[in-house]
Amino acid sequence: MDDPFDTNIARRNVLKTGALAATAATVPFGAAAQTAGAPTAAASGAPAVPASPPVTSKVTLRVNGKAHALTVDTRTSLLDVLRENLHLTGTKKGCDQGQCGACTVILDGRRINSCLSLAIMHDGAEVTTIEGLGQPGKLHPMQAAFVKHDGYQCGYCTPGQICSAVSVLDEIRKGVPSHVTADLNQKPLLSIDEIRERMSGNICRCGAYSNIVEAITEVAGGKA
Amino acid sequence: MRAFTYQRVSTPAEAAQAAERNPGARFIAGGTNLLDLMKLEIETPPHLIDVNHLGLDKIEATPEGGLRIGAQVLNVDLASDARIRRDYAVLSRALLAGASAQLRNKATTAGNLLQRTRCPYFYDTAQPCNKRVPGSGCSAIGGYNRNHAIVGHSTACIATHPSDMAVAMQLLDAGVETVRGDGSKRVIPIADFYRLPGTTPHIENTLAAGELITAVTLPRPLGGRHFYRKVRDRASYAFALVSVAAVVLPDGSGRVALGGVAHKPWRVPEADGRMASGANAVVERLLAGAKPTADNAFKVTLVQRTLESVLAEAKKG
């Protein structure tokens, strides 16, 4: 039997193959989306429904301070517009169904799951992504704190975690209550329990939670 | 996702008329549940009507001393409203126990009422499901049904309603205001809004085709102490195994509603009348006729103990 660790595939080649696969998946994006209906219907045993032609619509989004006028398929999520049309790939696609939080961005001042949001429904909206919070050399304090406290391992969930974390402090400042707020008629306190509860929409498979909480706590303390 | 046309409307009547003109169309507000279902092609609307710009985003006092919550008030804004936190705390608590902050920032009042079950067989398009494809059968009966209904279900469907907010609305005797394409308006008491599955589990509420929810009204505040106790498999961001919403008045009387146990938020008026007699007496009536499966029989005990815990806390004053 072959030794699974002796495959003679250099890491470089694996990366090349991976990059090719990723490109292949990206290029026919529109085509794949347009025909997505038929194979799924066939697989479910339901009668095959002919794919209806795509419908496009115009939308203007202000992303990280810059306006973008776009014409997109009505089905396009805000997440896909950010990644595929605007090439802002910091925002990540994890589950694509609102369960993991990797796609979290700040829309008109509030964090949302960009995967569960149609781009065309946000004409004129202001979107802040991880790229808009800070850049290498000029990091947002939350980005710097995540680096300092090692608030990640693989890093895939990190942009969503950081966008969420920035919003958490904003929400506490505005007095938005949470499930663990003891007295609904008082302003919520800044505590570890509050941070953990408010960050529960961002899943980290590497389990960097304790370091993430430390990073957020430090930024919160610095601002208090 | 199937292709769809998209329309933005500016008045409730225009929205309802658009729905009448476009069979199979869906209203979209936050989209946090609908888009998920559209990606999986469980929902395949040919046309979407965006109802986010109807001016239905306010919470106003009613002449009767209650509140009128616009259909598009976000879950976060409803949970944070000072009047809701003070006078209808059970509603604020229920909202905050549901979903994640990101979802509450997008989900609306009407959308929350209309969210669909998270039964895994409803979501799995390779499996029979009477709710998704009427007449195809129920995979949950005899399948993995630990989190399914224990009361009010039928041989066609044992799914539960997933909303926390709706349980509090049921407890508070909310009213659902609607408008139809012909301009006619009505208020549906929430007790009459949801349907049990019976033989038609795909019909989940009493809205007519194209009827648009414009607001949810709350009667005058009840006073008393408000509780929403949700028991789930993890501490946050999970659907309820069971949840208990309760208002307990100083004399020990009150009312109770359950989530996670039925096809709709579960409330039995006769059970409310027994609140002062303790959890056993209440649950005996509340879950009368319950038919749990082997895998979810634990929910009966869980309801009992959760209510006991709530009543004990209420007594502490």
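Predicted model: local features only at pLDDT ≥ 70, side-chain atom pairs only at ≥ 80, totals over all residues.
**Stop 1: the largest core**

Start by selecting Ile69(B), Leu78(B), Leu91(B), Leu113(B), Met169(B) and Leu218(B). You are now inside the largest nonpolar core, which has 53 residues, and these six touch the most other members. Next, show helix α5 of chain B, residues 89-97: with seven residues, this helix supplies the largest share of the core.

Now centre the view on Met169(B). Which residues does Met169(B) contact, beyond its neighbours within four places in sequence? Select Ile69(B), Leu78(B), Leu91(B), Thr109(B), Ala174(B), Ile190(B), Val216(B) and Leu218(B) to see them.

**Stop 2: the aromatic pairs**

Over all chains, the structure has two aromatic pairs. Select Phe122(B) and Tyr123(B) for one of them: the arrangement is edge-to-face, with 6.0 Å from centre to centre and 75° between the planes.

Move on to Phe193(B) and Tyr194(B). Their ring planes stand at 80°, so this pair is edge-to-face, and the ring centres are 4.9 Å apart. Both residues are buried.

**Stop 3: salt bridges**

The whole structure contains 29 salt bridges over all chains. Here are a few to visit.

- Select Arg111(A) and Glu171(A), whose closest N and O atoms are 2.8 Å apart in a salt bridge. Arg111(A) lies in strand β4 (residues 110-113) and Glu171(A) in helix α7 (residues 158-174), both of chain A, so color the two elements to see how the pair links parts of the chain 60 residues apart. Arg111(A) and Glu171(A) are both buried.
- Go to Glu126(A) and Arg62(A), joined by a salt bridge at 3.5 Å, N to O. This pair links strand β5 (residues 126-128) to strand β1 (residues 56-63) of chain A, across 64 residues. Glu126(A) is partly exposed at 31% relative accessible area, and Arg62(A) is partly exposed at 38%.
- In chain B, show Lys58(B) and Asp57(B), a salt bridge with its closest N and O atoms 3.3 Å apart. Lys58(B) is partly exposed, at 45%.

Finish with Arg26(B), Glu43(B), Arg116(B), Lys131(B) and Glu204(B) selected together: salt bridges link them in a network.

Key. Residues numbered from 1 in each chain as written. Chains lettered and ligands numbered in written order. Heavy atoms only, no water. Core = buried A, V, L, I, M, F, W, Y, C linked by side-chain atoms within 4.5 Å. Buried < 20%, exposed > 50% of the residue type's maximum accessible area, 1.4 Å probe, protein only. Helix = DSSP H or I, 4+ residues; strand = E, 2+ residues; numbered from the N terminus. Contact = heavy atoms within 4.5 Å. Phe/Tyr/Trp six-rings, centres within 6.5 Å; stacked < 30°, edge-to-face > 60°. Salt bridge = Lys/Arg side-chain N within 4 Å of Asp/Glu carboxyl O.
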